[in-house]
Amino acid sequence: MGLSGGPHGGKAMFIDRFPATFQTMQTLKEVREVSELPRESVLAVMDGNVMMSAIPTAVDTFAGYVAVLSNQIRAAHEAASHVVVVFDEPAAITAAKREEQQRRDAQRKPKEVVCSDDLVQGIQDDDYTTDMLQVEGFNAKVLMSHRPARSRFFDAVSLAILNRFKANNQSGYGTLTFDGVDERGAEREFGAPRVAGVISSNQPFWGQLLARSEAIGEGDLKLTDVTQRVHNAAQLPGSPVAGVVLNLVVTIDTDSFVIELLQQSRRMRRPEGEEDERTVLCLKERARKRQGDDFVTSGHFLCCDMLLFHEAVTEYFYGTLHLSREIVDQQPAAMALLAAALACCGCDFVEIKGMRADLVLPVVRDIVRNHRNQLKLMSNVCATQREDVLRAAGALKFLIEEFADAIVDMPRMKKAHASASSACDAQLLRVLWTCSYWHLKEYKNCAEWGFVGASG
């Protein structure tokens with residue numbers, strides 16, 4: 001999920017190009033200890049959809065899910081006093097995301113086991129209770145393979161974990177909050193609309209802090225939205241989160257590299273005197289066994305300090321961190337151009353065939369250094385109106401043309417050159433939509449942005 005993968009993808013390119021900004025840690029507690037901060041100064045925001053999808057194969061009961069996730073949250077609390085688990089809100093996702101989900105479901109469908117009529121297939125829809133999750137023979141893995149059934153299951157598991165946490169947290173060890181679940185769990189009446197909200201061990205504070213006038217459909221945007229809201233609250237004397245200066249953003253989605261990089265650029269433009277915080281992106285990596293021998297890599301976190309990452313990208317672009325005010329003011333547009341370039345190379349919403357992250361990065365650098373007029377165009381992608389965002393299309397076209405010129409004489413890149421050179425307007429619109437989305441601006445009318453499936 002996220003950016004295109006493989007040896008030429010965004011994640012691999014970042015690790016290769018900016019190795020000093022990455023560290024491998026076995027636990028989140030170790031991340032906090034390296035920072036030499038107390039728990040009270042740390043917030044951990046975790047992607048609940050990722051956590052639910054990464055449960056070990058052998059665990060297939062409701063109680064098993066509650067136990068495994070409780071252990072993961074307990075480990076997070078060893079690093080952070082405040083833990084927030086965020087979930088997607090299906091009712092609020094854009095048509096672009098729904099189109100991407102349908103594509104994934106279609107790819108996954110042939111792998112499902114087809115049962116004969118005399119076998120029970122298990123829960124497949126939204127109509128079930130907590131008692132039904134606890135009967136002998138219930139299989140959570142079967143339920144998880146059916147998207148219509150998942151949200152109620154997420155609600156039930158989250159509520160059970162929270163109740164367990166509150167029962168065991170008499171000493172006030174910290175707070176636990178779930179963002180994007182229905183407080184009724186699996187006891188919501190059949191057919192009743194799901195109301196996604198916030199449930200917390202400190203409901204008065206977190207319920208108000210995370211209340212939104214407009215719902216955020218996707219968890220990867222919530223991750224950074226939560227950190228911003230906590231930062232704002234931390235500026236108030238006596239706030240329960242006063243003193244929080246480190247965010248641990250825990251996920252596996254590699255588009256968080258881009259989202260957090262753009263947000264780091266925004267953080268660096270805060271008014272002088274406003275207390276700042278650090279954000280560390282913690283990508284959970286599974287244990288892996290090397291094929292052909294007994295070598296095993298244990299599960300760990302690949303951690304990227306976003307301040308150091310932003311500085312490394314800036315230094316790569318300009319050759320120095322000592323920049324004039326004019327250049328500093330252009331940095332948001334430079335980071336937006338990088339985001340657009342990575343979107344072109346492939347993500348959940350768009351891909352321009354032939355474009356590669358490792359090859360496009362030098363092209364972005366050349367534009368940043370030598371074509372500042374294009375950065376002025378690219379700055380429009382941060383605008384709040386569609387007609388303004390569309391002005392960035394000129395910079396995007398220039399980027400693709402420059403990339404095509406850069407690879408034209410490279411060995412074995414003839415097909416890639418032809419593909420990149422033939423990018424259509426619909427693809428450009430999708431790139432602009434994606435870049436705006438990564439800037440936390442979601443355009444709901446996705447049919448206007450080249451998503452053909454959204455118009456049907």
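Lysine 222 touches Val86, Phe87, Glu89, Asp179, Gly180, Arg212 and Ile216, leaving aside residues up to four places away in sequence. The model is predicted. Lysine 222 sits in helix H10, residues 219-234. Is lysine 222 buried or exposed? Its relative accessible area is 0%, so lysine 222 counts as buried. Its side chain has a polar partner: a contact of 3.2 Å joins lysine 222 to the side chain of aspartate 179.

**The sheet**

An open sheet of 8 strands runs in the order S1-S10-S7-S6-S2-S3-S4-S5. The pairing is mixed. Strand S1 (22-25) and strand S5 (197-200) form the edges, each pairing on one side only. On average, neighbouring strands are turned by 20° against each other, direction ignored.

Inside the sheet, strand S2 (residues 42-47) and strand S3 (residues 82-86) run parallel and are joined by 5 bridges. Methionine 46 stands opposite valine 85 in S3.

Which strands does helix H12 lie across? Helix H12 (residues 306-318) lies across strand S7 (278-285) and strand S10 (300-305). Its angle to S10 is about 55°.

**The nonpolar cores**

The largest nonpolar core holds 96 residues. Phe317 and Trp438 have the most contacts inside this core. Helix H13 (residues 325-344) supplies the largest share, 13 residues. A second, separate core has 49 residues, among them Leu69, Leu133, Phe138 and Phe153.

What surrounds phenylalanine 317? Not counting residues up to four places away in sequence, phenylalanine 317 touches Ala334, Met335, Leu338, Leu361, Val364, Arg365, Val368 and Arg369.

**Positive phi**

Most residues other than glycine have a negative phi. Two residues here are worth checking against that background.

Arginine 412 has a positive phi of about 60°, although it is not a glycine. Arginine 412 lies in the loop between helix H17 (393-407) and helix H18 (414-421). Its relative accessibility is 81%, so arginine 412 counts as exposed.

Leucine 440 belongs to the segment after helix H19 (425-438). With a relative accessible area of 35%, leucine 440 is partly exposed.

**Cysteines**

How many disulfides does the structure hold? The count is 0.

| Cysteine | Nearest cysteine sulfur | Distance |
|---|---|---|
| Cysteine 303 | Cysteine 282 | 4.1 Å |
| Cysteine 382 | Cysteine 435 | 7.0 Å |

The same cut-off rules out cysteine 382, because the nearest cysteine sulfur is 7.0 Å away.

Cysteine 303 is buried, with a relative accessible area of 5%. Cysteine 382 is partly exposed, with a relative accessible area of 39%.

How values were computed:
Residues numbered from 1 in each chain as written. Predicted model: local features only at pLDDT ≥ 70, side-chain atom pairs only at ≥ 80, totals over all residues. Heavy atoms only, no water. Core = buried A, V, L, I, M, F, W, Y, C linked by side-chain atoms within 4.5 Å. Buried < 20%, exposed > 50% of the residue type's maximum accessible area, 1.4 Å probe, protein only. Helix = DSSP H or I, 4+ residues; strand = E, 2+ residues; numbered from the N terminus. Contact = heavy atoms within 4.5 Å. Pairing = 2+ DSSP bridges. Axes fitted to C-alpha atoms, helices over the stretch in contact; angles between N-to-C directions. Polar contact = N/O pair within 3.5 Å; in protein donor to acceptor, adjacent residues only side chain to side chain. Disulfide = S-S within 2.5 Å.
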